[in-house]
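Here's a quick briefing to read with the model open beside you. Have a look at the fold first, then come back for the details.

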Amino acid sequence: MKILKYFGIPLLLMVMMAACEKGIDPINAVAPGTDETAPTLNITFPVQGKPVTSMDEVATVYFKMLAVDDIEIGSVKIELDGTTIGNLTSFKDYRRADISFKYETLVDGDHVLTVTVTDLTGKTISETMNFKKITVPPYTPMAGEVFYMPFDDNFLNIISGTEVPVTGTPGFADGKKGSAYAGATDTYITYPSNGIIGTSFSVAFWYKINATPLRAGILAISPVGDSRIVGLRMFRENSGDNQNIGLNIGDGTAEVWMNPFVVATPGQDWMHIAISIAPTDVIIYVNGAVVKEQVLESPIDWTGCSSITIGSGMPNFVYWEHFSDLSLYDEFKFFNKAISAEEVTTIYTMK
């Protein structure tokens, strides 16, 4: 009985193993098939229309792309401004290559990135990306400063390092400091208001009037429709040969007008405008001096004001023909607090 016991257990295990393996298909090699289609390619960085920014004049960047082939990728050639900077022939996944290519000497200026993917049968695809490299100097914001656009031949918010969306075809001109935003017909800048607006809010910028058209929007943080009991609207309107620059805000129940807070002659030198809004009052400065003050019955109300427009009343403050402004703007700053007279002087006298 003991002998049967010793032989029976191994025999039982063999039977069980055979039973388990029964019905499992053996692993057979499968031929890759015919390579019928060309590869596909998507350059994911840089992004079309967005600059590559860095605090370094000669920057290290990672060009990113995704190449896919139905059978096998043979090579990926990477060219910058007509010069080959990489030729990859080995991939972890021979059908899908998710590439991050390191390049260590990218300088300022306009560039052309060209990527060509070739499969094993010689079919190719190429994609080209045009982009600009910009050196962003280190910048220390003032207290409460959450947005700063110097308009130095770009549309960057220097504080966040991100490009601000632009509608239309703005240009650049000689500014108060460096270059400036030059408005154009049906052209303006938009930016989310979240993180900027609140019961306290300030804006400061340099401004040079172009009297064409006769009236225009300058800054609009306004809800859909023509409600003026919430939000903020800055604008200009002709008065003979001069331009009245005015401000309207809403406290939730009533409109508050400060119009005009300055009368300006078109074509004159740059003027500096700063508006400081606290829960209890609004103070407007021109060239560092107070030109208008207004007590508020209630704090400014931002209900429904989800975006900020610079250079136009679009999209919500276009009644009364407050369309795009063809004037010049420079050194545009937003604060999520009321700035003091001393801070206005600091901004106005910055070199």
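Start with Phe-332, which touches Phe-147, Tyr-148, Met-149, Phe-151, Val-203, Ala-204, Phe-205, Leu-219 and Ile-310, leaving out residues up to four places away in sequence (contact means heavy atoms within 4.5 Å). This is a predicted model, so local features need pLDDT of at least 70 and side-chain atom pairs count only at pLDDT 80 or more, while totals for chains, interfaces and linings use all residues. Residues are numbered from 1 along each chain as its sequence is written, and side-chain values use heavy atoms, with hydrogens and water left out.

**Nonpolar cores**

- Phe-332 is among the residues with the most contacts inside the largest nonpolar core, together with Ile-245, Leu-247 and Phe-334; this core has 43 residues.
- A nonpolar core here is a set of buried Ala, Val, Leu, Ile, Met, Phe, Trp, Tyr and Cys residues joined through side-chain atoms within 4.5 Å.
- Buried means under 20% relative accessible area, exposed means over 50%, and partly exposed is in between (1.4 Å probe, protein chains only).
- Strand S20 (residues 255-264) gives this core its largest share, five residues.
- Helices (H or I, at least four residues) and strands (E, at least two) are DSSP runs, numbered from the N terminus.
- There's also a second, separate core of 22 residues, and Met-65, Phe-91, Ile-99 and Tyr-103 are among its members.

**The three-stranded sheet**

- Three strands make an open, antiparallel sheet in the order S1-S3-S6; two strands pair if DSSP finds at least two bridges between them.
- S1 (40-45) and S6 (96-106) are the edge strands, each pairing on one side only.
- From one strand to the next, the twist averages 25° (axes are lines fitted to C-alpha atoms, for helices over the stretch in contact, and angles run from 0 to 180 degrees between N-to-C directions).
- Five bridges hold S1 and S3 (residues 59-68) in their antiparallel pairing.
- Ile-43 has Met-65 in S3 as its bridge partner, and Met-65 also turns up in the second core.

**The five-stranded sheet**

- This open sheet runs S2-S8-S7-S4-S5, with mixed pairing.
- S2 (52-54) and S5 (83-88) each have a single partner strand, so one side of each is left without a neighbour in the sheet.
- Ignoring direction, neighbouring strands here are turned by 25° against each other on average.
- S4 (residues 73-80) and S5 run antiparallel, joined by five bridges.
- Lys-77 sits opposite Asn-87 in S5.
- Over in S8 you'll find Asn-130, which is partly exposed at a relative accessible area of 40%.
- Asn-130 touches Gln-48, Gly-49, His-111 and Val-112, not counting residues up to four places away in sequence.
- The C-alpha atoms of Asn-130 and Lys-50 are 9.3 Å apart, although the two residues are separated by 80 residues along the chain.

**Salt bridges**

- The whole structure has eight salt bridges, each defined as a side-chain nitrogen of Lys or Arg within 4 Å of a carboxyl oxygen of Asp or Glu.
- One of them joins Lys-102 and Glu-104 (3.3 Å, N to O); Lys-102 is partly exposed at 43% relative accessibility, and Glu-104 is partly exposed too, at 49%.
- Asp-325 and Arg-236 form another (3.0 Å, N to O).
- That pair spans 89 residues, from the loop between S24 (307-310) and S25 (328-335), where Asp-325 sits, to Arg-236 in S18 (residues 232-239).
- Asp-325 is buried at 0% relative accessibility, and Arg-236 is buried with a relative accessible area of 0%.

**Lys-133 and its surroundings**

- Lys-133 lies in S8 and is buried at 2% relative accessibility.
- Its side chain meets that of Asp-108 in a salt bridge (2.6 Å, N to O).
- The two are 25 residues apart, with Asp-108 in the loop between S6 and S7 (109-119) and Lys-133 in S8 (residues 124-135).
- The backbone oxygen of Glu-57 lies 3.4 Å from a polar atom of the Lys-133 side chain.
- Beyond its neighbours within four places in sequence, Lys-133 is in contact with residues including Val-52, Ser-54, Asp-56, Leu-106 and His-111.

Methods
A polar contact is a pair of N or O atoms within 3.5 Å; within protein, one must be able to donate a hydrogen and the other to accept it, and residues adjacent in sequence count only if both atoms are side-chain atoms.
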